[in-house]
Amino acid sequence: MAFHNRDRKDFNAGVLYISIGGFFAGFATNYPMGTAVRMGPAYFPTILGGLLIFLGLILLFRSFASTDAELPTKTHWRPLLCIIGAACLFAALIGTAGMVIAAAVMMLLGAFGGWDFRWKEQLIGMIVMPSVCVGIFYYGLGLPFKLFPWS
Amino acid sequence: MKRSVNFAWGLYAIAAVTANAADVYPAKPIRIVVAYTPAGTTDILARAIGQKLTEAWGQPVIVDNRPGANGNIGTEYAAKATPDGYTLLMTTAAPHGVNPGLYRKLGFDAVKDFAGISLVATVPNVLVVNNNMPVKDVKELIAYLRANPGKVNFGSPGYGSTGHMSTELFMSMAGVKMNHVPYKGDAGVLADVMAGQISLSFSNMPAYTPQIKAGRVRALAVSTSKRSPAAAEIPTMAEAGVQGYVAVAWFGLLAPANTPRDIVNKLSAETARILKMPDVHSRLSDLGAEPVGSTPAEFDAHIKAEIVKWAKVIKDANVELQ
Amino acid sequence: MDLSAVFSNLILGFTVAMSAQNLMYCFIGCLLGTLIGVLPGIGPVATIAMLLPITFNLPPIPALIMLAGIYYGASYGGSTTAILVNLPGESSSVVTCIDGYQMGRQGRAGPALAIAALGSFFAGCVGTVLIALFGPPLAELAFEFGAAEYFSMMVLGLIAAVVLASGSLIKAIGMIVIGLLGGIVGTDVNSGIARYSFGVSELSDGIGFVSVAMGMFGFGEIISNLGQTSETKNVEVSKVTSLMPSWEDVKASIGPIMRGTALGTVFGILPGSHTVIASFSSYTLEKKLAKDPTRFGKGAIEGVAGPESANNASAQTCFIPLLTLGIPTGAVMALMVGAMTIQGIAPGPQVMTQKPDLFWGMIASMWIGNLMLVILNLPLIGMWVQFLKIPYRVLYPSILLFIAIGAYSINNSPFEVYMAALFGFFGYYASKWGCEAAPLILGFVLGPLMEENLRRAMLISRGDPSVFFTRPISLGMLLVSFALLLMVVLPQFQKKREILEVADD
């Protein structure tokens with residue numbers, strides 16, 4: 001972007017606040033507003049959304065008034081994608097492939113997000129931890145998990 | 001000729017398979033889906049029945065709590081389960097009574113997607129008022145409400161809950177108007193009726209019985225057609241002057257539609273037998289529930305009647321659809 | 001107050017609770033609660049819900065004693081994960097994460113855990129004595145609280161949250177507002193409309209606390225850690241300096257423990273209030289009283305001692321409305337109601353008179369449970385701290401797995417796991433840009449209560465806003481909020497003037 005002279009942390013947070021506030025306030029128009037006496041479902045989110053936009057604007061304004069006190073660290077895509085991906089895969093697999101496979105897949109992909117991936121350790125973890133969890137949650141606590149694709 | 005022979009053979013084969021299905025059923029653990037959180041009335045009933053089924057048939061019965069969206073999430077889950085008799089649903093008057101009329105869009109068809117096994121238990125609702133309300137019975141209450149239209153606050157455990165609907169039904173039958181103050185669950189309503197923040201509520205009886213006995217709130221009537229054995233001194237609505245008013249909370253066991261008939265019948269007969277056991281009886285009485293037990297056909301008819309009844313209340317009271 | 005009656009009642013209680021059988025169940029409860037509650041991702045509510053069926057086949061008194069033990073164990077287990085791996089098991093341990101986790105990173109997890117245990121024990125003792133002496137009259141206080149009072153209390157709680165912020169004030173307020181907005185998602189209590197649910201039926205019940213906390217604190221923190229270590233290629237493991245708190249630690253903690261206990265006791269007895277307010281306001285108070293407030297957020301032991309005591313004091317006293325009136329004050333107490341009902345006990349005012357052995361037995365077992373917890377957990381600290389010696393690359397995939405299982409098991413639905421992933425993503429970027437998670441959590445927990453009570457108060461008063469000022473308790477809390485706000489805002493302005501144009505974060 002073209003703005004060189006700005007505090008990027010404040011700038012980004014400002015943009016974040018304005019978009020979240022705008023989303024909630026904008027979407028609130030789908031609900032009845034009501035009055036201050038009989039507040040409708042839209043009343044609270046509209047006020048709060050407006051307040052958040054206001055706070056975001058202050059941050060934006062402030063970001064141009066100062067330069068970076070400290071640069072925000074750059075995005076670490078590998079851990080971000082691996083961890084979030086591992087959680088989503090777990091959620092997708094647990095209902096179909098069962099907990100054992102979902103857990104093993106999650107641990108593998110999750111471990112891959114670190115910079116220091118060691119096959120041997122992770123393979124042991126992939127076998128030990130799902131077994132421990134099956135023991136605790138399925139047998140110990142009797143939670144109704146689906147364990148395997150065929151069960 | 002040959003064709004009809006084949007047809008007959010086919011029928012026989014199906015009959016043999018299904019007969020077999022019921023004979024060997026249950027061959028693996030049974031799962032009862034409860035669309036509410038653990039330790040609630042629905043959950044306790046499911047566990048009580050499940051324990052006795054295990055004792056009778058030697059197969060574990062697992063209670064699977066899938067709460068959320070006023071019971072709709074668990075009910076939808078059960079509707080889509082394999083209809084083999086190994087997934088059942090303990091339902092209530094919400095998903096199989098009020099909700100079909102209240103929600104614009106539901107992920108299940110309360111009638112077509114399910115086969116009734118048995119009505120398990122009913123729980124009466126009770127009409128309570130704060131002790132400072134200048135009324136001693138339902139007649140005085142109606143007179144008071146007529147003199148102060150829309151000025152009295154009533155609480156309910158949620159918008160569109162059976163407590164809310166029972167009060168709407170009362171208002172339309174008695175021709176009175178009150179101001180609705182919704183809460184999240186029974187505890188808040190109970191506390192605020194006792195404290196006098198709100199004046200009146202129509203709720204599931206068990207939570208209120210101790211408070212009524214301790215004189216913390218005044219009970220005016222129960223919603224059932226007969227008096228409750230748990231508090232026989234409280235008159236019914238009909239006795240108190242609102243003829244034909246009946247609104248009970250109920251709980252029943254269902255299977256997904258297309259579950260083999262023999263299995264449904266076997267479960268129904270077993271449930272009815274369980275509900276007659278003295279220890280089950282006393283356990284349910286502790287909950288303020290009355291054990292029922294019915295045939296699949298009776299339960300199916302009950303569900304249909306409930307849906308029609310609540311749809312009419314929702315329409316008459318102009319309750320906003322969700 | 002008839003002291004001799006209380007005394008004879010307590011003797012009855014201790015005779016019940018000290019029977020070998022009940023002592024055993026109390027111990028098993030504490031142990032199981034601690035062991036399950038300490039699993040990352042499994043909070044107290046989940047622990048109790050999971051362990052509840054175990055008590056179904058016990059007689060009533062042992063069952064309830066065991067459940068109470070499970071509750072204490074699980075609460076303490078939740079604090080343990082907050083200190084060790086930055087995972088709050090329930091909303092009130094969010095505050096413990098702030099300074100407790102920092103202490104852990106500095107190799108002081110042992111003292112943090114020990115002070116949490118000792119503070120909790122002290123608070124538990126005071127709470128128990130209070131219940132025994134003043135339970136019934138204290139319960140009546142709850143009736144003074146209507147929707148207007150609760151609204152004012154939420155305002156007070158939220159303003160206290162602003163003080164929590166160690167960074168920018170504007171960013172902290174923004175995070176509270178985002179939390180409030182997040183709390184709005186779900187079915188509107190007053191109209192039944194499902195707001196911001198986009199036709200997803202899981203969202204009609206709102207976003208779960210566990211998904212938000214596990215996402216922002218759990219996933220978010222792990223991603224940040226991995227990102228940082230990938231640059232340095234070296235994980236800093238501070239040497240564990242000592243297991244037990246030093247004399248300085250103890251001295252610094254005495255005041256916070258006392259004040260935290262007092263705050264927790266007061267908030268615990270109000271039905272509909274939230275333990276989170278107790279622990280957050282205790283943190284705020286300690287930060288305000290501290291000579292050097294900048295230490296907070298960087299591993300100040302007062303920031304663990306105060307909130308943990310407040311938390312446990314309110315965990316004790318929230319039994320008062322349940323035992324004396326039959327009104328549950330939250331998710332955990334609602335589970336206790338279920339457990340009592342299963343045992344054939346209808347919670348209500350008559351429990352005390354009709355079942356004195358149960359009532360007083362439970363009170364006595366509360367004290368015994370707290371004692372057992374200390375005896376059990378002080379030796380365990382050494383073991384917990386050992387976990388921190390496991391290389392992070394081996395430890396974190398297991399934490400991930402526990403978080404996912406914990407989130408899944410709330411409703412037996414993968415939806416919560418997806419939500420946790422979403423909040424992990426959000427939390428990672430928010431913390432990058434200097435926006436803290438703790439104020440968001442508080443807004444998220446209190447927001448729905450605040451809106452609900454504001455609108456309920458207006459409904460009951462027929463739209464007359466003066467109820468907030470004419471009711472004395474409500475007015476009092478609003479005045480305190482206003483004073484707090486001034487205390488927060490004024491120094492900020494002065495600071496601004498002093499250091500012109502220098503960003504405050």
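Start by selecting helix 2 and helix 3 of chain C: helix 2 passes helix 3 in a right-handed crossing (the near helix is turned clockwise from the far one by less than a right angle). This is a predicted model, where local features need pLDDT of at least 70 and side-chain atom pairs count only at pLDDT 80 or more, while totals for chains, interfaces and linings use all residues. Residues are numbered from 1 along each chain as its sequence is written, and chains are lettered from A and ligands numbered from 1 in the order in which they are written.

Helix 2 of chain C covers residues 20-37 and helix 3 of chain C residues 44-51; their axes come within 9 Å and cross at roughly 125°. Now show Leu32(C), Gly33(C), Ile36(C) and Gly37(C) on helix 2, then Pro44(C), Thr47(C), Met50(C) and Leu51(C) on helix 3: they make the contact (C-beta atoms, placed from the backbone, within 7 Å).

Next, select chains A and C. How many residues of chain C are in contact with chain A? There are 53, and they meet 61 residues of chain A. Color helix 17 of chain C, which gives the largest share of chain C's side, 10 residues.

Last stop: chain B. Select domain 1 (2-22 + 29-122 + 249-316) and domain 2 (124-240), with bounds from an automatic or database domain assignment. Their C-alpha centres lie 30 Å apart. Here 11 residues of domain 1 of chain B are in contact with 12 of domain 2 of chain B.

Conventions. Contact = placed C-beta atoms within 7 Å. Helix = DSSP H or I, 4+ residues; strand = E, 2+ residues; numbered from the N terminus. Axes fitted to C-alpha atoms, helices over the stretch in contact; angles between N-to-C directions.
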